[in-house]
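This report describes a structure in terms of helix packing, pocket lining and model confidence. Please consult the sequence and coordinates alongside the text.

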Amino acid sequence: MLHKPLFILAHQLGDRNFYPTYKRLLANQWQSNSRQKDSQEMQLRKMVEFIESYSSDQNNI
């Protein structure tokens with residue numbers, strides 16, 4: 001009965017971003033597989049672009 005609120009509170013104390021992330025993940029479970037896949041690919045693309053821009057800057061030094 002109190003497990004869920006205590007779980008959220010305990011994690012929120014350790015990490016301020018926990019609850020917003022938790023709410024986003026709960027909403028995520030209702031998205032279609034194709035939409036989740038598109039979102040993951042977009043996030044991966046952003047990470048790869050960031051890494052490429054950072055590594056190209058390091059090569060110029």
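## Helix packing

At what angle do helix H1 and helix H2 pack, and how far apart are their axes? In this predicted model, H1 (residues 3-14) and H2 (residues 18-28) meet at an angle of about 130°, and their axes lie 8 Å apart. H1 is therefore oblique to H2, since angles over 145 degrees would be needed for a roughly antiparallel arrangement.

On the H1 side, the contact is formed by Lys 4, Phe 7, Ile 8, His 11 and Gln 12. H2 contributes Phe 18, Tyr 19, Pro 20 and Tyr 22. By class, six residues of this contact are nonpolar, two are polar and one is charged.

## The largest pocket

The largest pocket has a volume of about 230 Å³. Its lining consists of Arg 24, Leu 25, Ala 27, Asn 28, Gln 31, Arg 35, Gln 36, Ser 39, Gln 40 and Gln 43. Two elements, H2 and helix H3 (33-59), each give two or more residues to this lining.

H3 supplies the largest share of the lining, with five residues. The class composition of the pocket lining is six polar, two nonpolar and two charged residues.

## Model confidence

The chain has a mean pLDDT of 84, and 90% of its residues reach 70 or more. Among the elements of the chain, the highest mean pLDDT belongs to H3, at 87, whereas H1 has the lowest, at 82.

Conventions:
Residues are numbered from 1 along each chain as its sequence is written. This is a predicted model: local features need pLDDT of at least 70, side-chain atom pairs count only at pLDDT 80 or more; totals for chains, interfaces and linings use all residues. Side-chain values use heavy atoms; hydrogens and water are left out. Axes are lines fitted to C-alpha atoms, for helices over the stretch in contact, and angles run from 0 to 180 degrees between N-to-C directions. Helices (H or I, at least four residues) and strands (E, at least two) are DSSP runs, numbered from the N terminus. Angles under 35 degrees count as roughly parallel, over 145 as roughly antiparallel, 65 to 115 as roughly perpendicular and the rest as oblique. Contact means heavy atoms within 4.5 Å. Ala, Val, Leu, Ile, Met, Phe, Trp, Tyr, Cys and Pro count as nonpolar, Asp, Glu, Lys and Arg as charged, and the others, Gly among them, as polar. On a 1 Å grid over the protein atoms alone, a cavity is a set of points where a 1.4 Å probe fits but cannot get out, and a pocket is an open set with protein on both sides within 12 Å along at least five of seven lines; lining residues have an atom within 4 Å of a point. Grid points are joined across faces, edges and corners, and a volume is the space filled by probe spheres set on the points. pLDDT is the predictor's confidence in each residue, from 0 to 100.
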